[in-house]
Amino acid sequence: CNPLQVDTSSPLIMYVHVHRKIQLQDATKVTAISWSAQSEYIACGSSEGSVQLLKITERNNDSSSDQNSVDSDIVMQVVGKLSGRHKTAITKLVFHAGSNKLTVSDSSGLICVWRHNQAADSWQTEMNTSRSGSVADFDWTTTNASQKQSPVIGIAYADGNCIVGDEHGKKLWSHEVDSALKRIQWSPDGKYLMIVTASEECVVYAKERKSTKYQKFDVIARVEAMEISDVQWTTNALCIAYKCGRVQFMQHFNDQTPTVVDVEFSVHKIQFHPSDNVVAVVGFKEQCRSNWLCFVSGADGRILYQLPLPTPNQREAYAHI
């Protein structure tokens, strides 16, 4: 299985190599990972409930250093450990866009929001909420300073409960469905909330005017009666990825003519580029026994580039990047 560049006219060209490895403290198994788009931090969650923070910095130019070395200008080191709160495996880590906060969830149902104190260069707990039951997923609305809207979190639990709360931990709305939940996602404007159930339904809820309550609004028409791996909702598209390898692009949640692309490997995770123009699809290609990464144009569904990634036994960590 060789790398396949599908669209040779595209300016997107990628070369992948192992840049640097680092041994985490206590040699625990990494279960979740997140890289801050605004800072140099990487957060790694473990099976033991700890979160280790890595910091990437540029090394000062030194004439004595090997200028031909690809990693001579990069320093990556463990700079902190968030512990004392989580006792079970970390399930998800998310850095807040445009802020210095990190939200962490574990398999027991505990969610903590950590704030970075830049003056002291330390991380402190700002909010935590706990409920019996595993957290399947969570998502924050985008902060809108111009409209004076504070961020709101949506939490999906594996037992079928959905909770919406504010940044201070106050519960604003709760709902229970007759199915386990897998994913939760806000629309870019924060007006709609989409949940994905274990029965593979994508249900959209709309916020009532002058209220914190939400009402069932629509069920998204899917092109595949197959297992859903992931969903992403950006300003340009709503994207539904299926484990079978197909990815569905919609201009809005009731789009009746979606674009569908087949990446030809089992999809685990998708992530849009910050520009919303390209989506990265990561998964596992069984016939090659290796991880695969594919870049797809968000505008027309063209496969721009795909290539294998190393170490198939670490596909879970790769899938969270």
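1. Strand 9 is mostly covered, with five of its six residues buried; buried here is under 20% relative accessible area, exposed is over 50%, and partly exposed lies in between (1.4 Å probe, protein chains only). Strands (E, at least two residues) and helices (H or I, at least four) are DSSP runs numbered from the N terminus. A word on provenance: this is a predicted model, where local features need pLDDT of at least 70 and side-chain atom pairs count only at pLDDT 80 or more, while totals for chains, interfaces and linings use all residues. Residues are numbered from 1 along each chain as its sequence is written, and side-chain values use heavy atoms, with hydrogens and water left out.

2. Have a look at Asp139, which sits in strand 9 (residues 135-140). Asp139 is buried yet lacks a salt bridge, and the nearest side chain of opposite charge, Lys92, is 5.5 Å away. For the record, a salt bridge needs a side-chain nitrogen of Lys or Arg within 4 Å of a carboxyl oxygen of Asp or Glu; Lys and Arg count as positive, Asp and Glu as negative, and His and the chain ends are not counted.

3. What does the side chain of Asp139 reach? The backbone nitrogen of Trp186, at 2.9 Å. Neighbours within four places in sequence aside, the contacts of Asp139 (heavy atoms within 4.5 Å) include Val152, Ile184 and Trp186.

4. Phe138 stands opposite Ile155, and Asp137 has Ala156 as its bridge partner.

5. Now the charges: the whole structure has nine salt bridges. In one of them, Lys101 meets Glu126 at 3.0 Å, N to O. Lys101 lies in strand 6 (residues 101-106) and Glu126 in strand 8 (residues 122-130), so this pair ties together parts 25 residues apart in sequence. Lys101 is buried at 10% relative accessible area, whereas Glu126 is partly exposed at 33%.

6. Glu126 also forms a salt bridge with Arg115, with closest N and O atoms 2.5 Å apart. Arg115 is in strand 7 (residues 110-117), so that link spans eleven residues in sequence. Asp300 and Arg302 make another salt bridge, at 2.9 Å. Through shared partners, salt bridges join Lys101, Arg115, Glu126 and Glu167 into one network.

Key:
Polar contact = N/O pair within 3.5 Å; in protein donor to acceptor, adjacent residues only side chain to side chain. Pairing = 2+ DSSP bridges.
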